Amino acid sequence: MTVEQFQKTYGIVGKSKEIRDLVDITMQVALSDISVLIYGESGVGKEVFAQAIHNHSKRANNKMVNVNCGAIPEGILESELFGHKKGAFTGAVESRKGYFEIADGGTLFLDEIAEMPLTTQVKLLRVLETKEFMRIGSETVTKVDVRIIAATNKDLQKEVDAKRFREDLYFRLKAVTLYVPPLRKRKEDISELTDSFIDNYAKANDIPTPRITNEAREILVNYSWPGNIRELKNTIETAIALNRTGILDVESFYFLLQNKSDASSNRNLPVFLHRSPEDADREIIYRALIEIKRDLMELKQIVMKNYQEIHNSNDNIDIHEVVPIETVEKDAIKNALNYAKGNKKHAARLLGISERTLYRKMQEYDL
Ligand SMILES: Nc1ncnc2c1ncn2[C@@H]1O[C@H](COP(=O)(O)OP(=O)(O)OP(=O)(O)O)[C@@H](O)[C@H]1O
Ligand SMILES: [Mg+2]
């Protein structure tokens, strides 16, 4: 399988050297059982790579179990990972399988590994080394065949230095480290990712694929994307959801031009929670203005369309409907005289001609 085929199969978009090199290593390690550490900022695609490794491995027919070590309360994490025997602690009314057993034969994805408590780290290392463990409260060992993929957006060496992460576990995990670079370091991927997110969104929502202008594309390429690919995806989906013209232009991404210096790494949501109230207000006003402008453009289009329809129908007018100018003139004079109740001076003024001309015309038309 080539790098391109692998990317296509597992939905990894990007032609930058960084991504291609990374995919190349990923393909090699996927086939082995070796533990892998995936390191990179939030939203760069760590989970995408973890899933690709699992799906490409000989374990693909078994489960990949995802555990977010940062989201599970400390006191519960161990029993979640290793399971427990009935009566092991208050509340353990039933024996329970842990994720290690559920993932047997497959892959255990330990996301946000830096958040794992030190005591749990000891136990994890032991399982990695012996491939066996004990359920909490049990005295018998359980054998498992689990491949570990861990991910983190923290520099684990720093965590080790600060004594928040065990060095022995770090050494064990880092043997194969995949570093997924932030999007701003591989700008050449932005355009392709953009097209792919536009296509996917249109397909998923059953709408015509919007076009994106070159200027808008340039804004996306030059933006710093502190929330990386997740932020790009959300931005494009928001822009399409608000779009009514079928064209994504500079205005669709106007909000990106604000706060360019804001490099906080947590801007992953389409609604920017980390903005000041003033910025949020300004954004709402901008969006309202963009909406108004769109309505105006739409109105303009409707008017133009109507005008053209009238125009076209005039061109097709039946020859019998064309009246000679004398007839028009005669009718106009009759109407004016009627309106002026026979007062010729008044009628002439209404018609915009001299009284003398009116007399002449009246004789001409036998009025
Ligand atoms: N190379 C890529 N091609 C296409 N889509 C991608 C790529 N990388 C990431 N994505 C998409 O970007 C989003 C974020 O990716 P993912 O969840 O893997 O990031 P992460 O690094 O695990 O983030 P976090 O650290 O916040 O958990 C997902 O919707 C994913 O599908
Ligand atoms: Mg993730």
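Let me start with the pairing between S3 and strand S6, which spans residues 147-152: in this predicted model, the two strands run in the parallel sense and are joined over 4 bridges. Within that pairing, Leu-110 stands opposite Ala-150 in S6. On S3 there is also a pairing with strand S2, residues 64-68, again in the parallel sense and here over 5 bridges, and in this case the bridge partner of Asn-66 is Phe-109 in S3.

Staying with S3, which covers residues 107-111, how many of its residues are buried? The count is 5 of 5, so by the criterion of 20 or more other C-beta atoms within 10 Å the strand is mostly covered. If you look at the side chains in turn, Thr-107, Phe-109 and Asp-111 point one way from the strand, while Leu-108 and Leu-110 point the other way, and the residues on both faces are buried. Please note that Asp-111, a charged residue, is among those buried in S3.

Let me set that against the chain as a whole. The protein chain has 15 helices and 9 strands, and buried residues make up 25% of its 367 residues. Of the contacts between residues at least 6 apart in sequence, 72% join residues that are at least 24 apart.

Now I would like to move to the ligand. Ligand 1 is surrounded by 16 residues, of which the closest are Val-13, Ser-42, Gly-45, Lys-46 and Glu-47. As for secondary structure, the elements that give two or more residues to this shell are helix H3, residues 46-56, and H11.

Finally, a word on Ser-224, which is placed in the loop between helix H10, residues 214-222, and helix H11, residues 228-242. Is Ser-224 buried, partly exposed or exposed? Ser-224 has 17 C-beta neighbours inside 10 Å and therefore counts as partly exposed, since burial would require 20 or more and exposure 12 or fewer. The C-alpha atom of Ser-224 is separated by 9.0 Å from that of Lys-187, although the two residues are 37 apart along the chain.

Technical notes:
Residues numbered from 1 in each chain as written. Chains lettered and ligands numbered in written order. Predicted model: local features only at pLDDT ≥ 70, side-chain atom pairs only at ≥ 80, totals over all residues. Contact = placed C-beta atoms within 7 Å. Pairing = 2+ DSSP bridges. Near = placed C-beta within 6 Å.
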